[in-house]
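Try each task before you read its solution.

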Amino acid sequence: MQGNTQEKELSRGLEERHISLMSLGAAIGVGLFLGSASAIRLAGPGILIMYGISGLIMFFIMRALGEMAVQNPVAGSFSKYANDYLGPLAGYLTGWNYWFMWIITCMAEITAVGVYMDFWFPGVPQWIWALAALVIMTGVNFLAVKAYGELEFWFSLIKVVTIILMIVLGLGMIIFGIGNGGIATGISNLWSHGGFFPNGMKGVLLSLQMVMFAYLGIEMIGVTAGEVKNPEKTLTKAIDNVLWRILIFYIGALFVIMSIYPWPEIGTQGSPFVLTFDPFVLTFDKAGIPAAAGIINFVVLTAALSSCNSGIFSTGRMLFNLAQHGEAPKRYANLTKGGVPGAAVIASAVVLLIGVGLNYVVPDKVFTWVTSIATIGAIWTWGIILLSQIRFRKGLSDQQVSDLKYKLPFFPYTSYLSLAFLAGVVVVMGFSSDTRIALIVGPIWFILLVVVYYSKGFHKR
């Protein structure tokens, strides 16, 4: 497979609509559907402010990534940029960290699939559905990249349409009293139960981990850079559009939910996995849709499959990129005739079998633990993007800077502000016993990577 030049390059089959919906779909998943209830319990209505501030920071990070990606669109972009601008060790750590981050996230997704299917088939062991999801999504990743992009487009569209419908129905209740006997609910629930910040700034800050986890996946735009048609037009438009869409979906959806229902009642009747008590189900049910639980279960199942699909896509591309640089076994640099890194996809799927085993031993706190570990991985990735962009800019002359086709606004202030914000998130995670585990697992993982880096002699190349 390595003898053919065509097979050494990823196929550029992704179009603008694929990229926009893929990154949108990757970011709209468990963070919104499963994580919103726990975040609301911590922060109350004040969570809306935190999503807005975090969204602005993510916009700066994505513009920083776009600045480099438009100039040099390559697969596994931020790993390559880290290698070029921060050194080989940074590139190595970033590539393997991103692979690890999505592996952890996918484990949560396939475990969730097993739980979701139990809604319709309560007698079937959850591990069977988790295994089926893993096998199916791995198969999907072997499709030609254009076919993969098309499937992910429709996966993501289902989620997006559902959220839009919920927002529209919710606004109908708030303004016109639809589903509430014609009595408009208004938005007084946002401040009638202890105020807008019922748990003070402490609650808002403690919600940061779940809020940032919600944005995990948006950087996938950079991973797809090597498979995009017309990178300059496609990447710039995708980055500019995706952020404000996610802000509308997250803030809009949660605004509607917390306006209709007193925030202390959301998520109190069961764990986040019990979909019949999901805030989305409550909203549809109050609007007079009796099949709300079944509809939302289907949508959230689709969301989990979509995010898992995106995760396998990302891990396969990152492993391919690492193999190209000699930091992973060479066989993972092989491509199928359709331009797909098949060996890398299979390797990631094999590791994900651990997630199937989790279905036997999933305690209540695993979801929080897994998402917090994934968040630490995401913060490293976002931080590396910013540091790489700072070094990238410093290496340019004034003329080269003026010639840049896509720029981060207000550089360097926005870069340093974003780095400080990410550091603050890490500090806050240390104050919660549920998220503190990530500050243990994360460093251990990086120490292990550094040991391998030097023991394998990668530093001598």
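**Exercise 1: a salt bridge**

Arg 393 has 11% relative accessibility, so this residue counts as buried (buried: under 20% relative accessible area; exposed: over 50%; partly exposed: in between; 1.4 Å probe, protein chains only). The model is predicted, local features need pLDDT of at least 70, side-chain atom pairs count only at pLDDT 80 or more, and totals for chains, interfaces and linings use all residues. Residues are numbered from 1 along each chain as its sequence is written, and side-chain values use heavy atoms, with hydrogens and water left out.

Task: which residue forms a salt bridge with Arg 393?

Solution. 
1. Use the rule: a side-chain nitrogen of Lys or Arg within 4 Å of a carboxyl oxygen of Asp or Glu.
2. The partner is Glu 67, with the closest N and O atoms 2.9 Å apart.
3. Glu 67 lies in helix α4 (residues 47–71) and Arg 393 in helix α17 (residues 366–394), so the pair ties together parts 326 residues apart in sequence. Helices here are DSSP runs (H or I, at least four residues), numbered from the N terminus.
4. Glu 67 is buried too, at 1% relative accessible area.

**Exercise 2: a second salt bridge**

Task: where do Asp 84 and Lys 80 lie?

Solution. 
1. Their side chains meet in a salt bridge, 2.7 Å from N to O.
2. Both are in helix α5 (residues 77–86), 4 residues apart, which means about one helical turn separates them.
3. Asp 84 is partly exposed, with a relative accessible area of 38%.

Note on methods. Helices (H or I, at least four residues) and strands (E, at least two) are DSSP runs, numbered from the N terminus.
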